[in-house]
Amino acid sequence: MTRDILLQIAQVLAVLLLAPLLQGIILQFEERVQRGQGPGIFQPYRDLWKLFHKQIVLPETASWLFWITPIVAFTAMMTVPILIPVLTNFPLPLSDMGDILGGGLILTLGGFMITLAGLDTGSAYGGVGSSRTVMITILAEPTLILVFVGITLLAKAMLPFVVNHLLVAQPAVYWSPAHLFLVAAFFVLLLVETDRLPIHSPTHVEVYMIEEGRILEYSGPLLGLLRWASMMKQFILYIIFCNVLLLPWALSLQGRALGALGAAAALMLKFTLVGCAVVLVDTTQSRLRFYRYQEPLAASFLLAILAIIGTQLS
């Protein structure tokens, strides 16, 4: 029992501490693709350190919602790792608090609060960023629900651990059209949720920024919490994509310390491979007009429906 509790804590700490490293690896590879030098894979840690040592400056129009949003977003991202297979392929003491749909709901709670905070200050950039996020979410969230429904129908269960065991034990299910459609649909969602579609701008100096526009009014530790929560959300989405769908292997089977460390190392290796694919898709495509965001999301929606149909016909 004590071992399982320690593993539960280790899963949360793995997401908390390794999320900035994943962000640094992705940014470094992006610079290399663009023939740049890059700041190094540990730069996100230095950025967070500087933000947590700066002063908080609040807009005059900000309400209590502006204050509480970073705390809610950060707490939500620390809750999801309890429900999903991060280091082990078996449930831990608190893993039965919610199923895969419950984890998705908690995952989107932080984004919802950030959208409200972007509108709360009355800033032009915050309003534009929040409104664009809502427009994308109208298609992204139903697709995410359909992907989770497809996973549930494929495994006949709503727990991600069951899906992991099924794909590892039955190669025929792993290579089935329904599973491959789900992988493709979730990959598009991964691009959307991590701001890697060709309509996004990951910097705060361009007019068509979306994620950065919502948090432009934040500063100091509050901004640090939001950036850290964003990195953790990206890390969690990569966990769901790799450990549940694409690469469900290399997890600790018995929960020993050495196995957990090996699972963490394998996790970063899998994430590096997926991150390289994400960066290649983002950088090799030409920048699209914002209103063409429907095209990849509509394709993802269709792939999720085909996966559900394929599951029912098999």
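1. The buried residues of helix α2 pack against α1 and α10. Helices here are DSSP runs of H or I with at least four residues, numbered from the N terminus. Helix α2 covers residues 43-51, and its buried residues are Q43, P44, L48 and L51. Seen down the axis of α2, these fall within an arc of 140 degrees, so they line one face of the helix. The arc is taken from the directions that run from the helix axis to the C-beta atoms. Buried means under 20% relative accessible area, exposed means over 50%, and partly exposed is in between, with a 1.4 Å probe and the protein chains only.

2. A friendly word on what you are looking at: this is a predicted model, in which local features need pLDDT of at least 70 and side-chain atom pairs count only at pLDDT 80 or more, while totals for chains, interfaces and linings use all residues. Residues are numbered from 1 along each chain as its sequence is written, and side-chain values use heavy atoms, with hydrogens and water left out.

3. Now try helix α12, residues 294-313. Its 20 residues should span 28 Å at 1.5 Å a residue, and its end C-alpha atoms are 28 Å apart, which agrees. The expected span is 1.5 Å times one less than the number of residues. Which residues of α12 are buried? They are L297, S300, A304, A307, I308 and T311. These cover an arc of only 95 degrees around the axis, which puts them on the same side of α12. What covers them includes α5 (124-155) and α8 (177-193).

4. On a 1 Å grid over the protein atoms alone, a cavity is a set of points where a 1.4 Å probe fits but cannot get out; a pocket is an open set with protein on both sides within 12 Å along at least five of seven lines; and lining residues have an atom within 4 Å of a point. Grid points are joined across faces, edges and corners, and a volume is the space filled by probe spheres set on the points. The largest cavity holds about 60 Å³ of space.

5. Who lines that cavity? The residues are V80, I84, I100, G103, G104, F148, P160, I240 and V244. Helices α4 (100-120) and α10 (220-246) each supply at least two residues of this lining, and α4 gives the most, with 3 residues. By class, the lining of the largest cavity has 7 nonpolar, 2 polar and no charged residues. In this scheme Ala, Val, Leu, Ile, Met, Phe, Trp, Tyr, Cys and Pro count as nonpolar, Asp, Glu, Lys and Arg as charged, and the others, Gly among them, as polar.

6. The second largest pocket has about 170 Å³ of space. Its lining includes R3, L6, L7 and A10, along with R256, A257 and A260. Helices α1 (2-33) and α11 (257-284) each supply at least two residues of the lining, and the largest share, 5 residues, comes from α1. By class, the lining of this pocket has 9 nonpolar, 1 polar and 2 charged residues.

7. Phi of D195 is near 60 degrees, a positive value in a residue other than glycine. D195 lies in the loop between α8 and α9 (211-214), and at 17% relative accessibility D195 counts as buried. Phi of A250 is also near 60 degrees and positive, again in a residue other than glycine. A250 is found in the loop between α10 and α11 and is partly exposed, with a relative accessible area of 45%.

8. Leaving out residues up to four places away in sequence, V278 touches F187, L190, L191, R196 and Y238, where contact means heavy atoms within 4.5 Å. E30, in helix α1, counts as buried at 11% relative accessibility. With the sequence neighbours up to four places away left out, E30 touches R196, V279, D282 and T283.

9. Finally, find E217 in the loop between α9 and α10. E217 is partly exposed, with a relative accessible area of 30%. E217 and P59 are 158 residues apart in sequence and 7.0 Å apart in space, C-alpha to C-alpha. Beyond its neighbours within four places in sequence, E217 is in contact with V57, P59, F66, T121 and S123.
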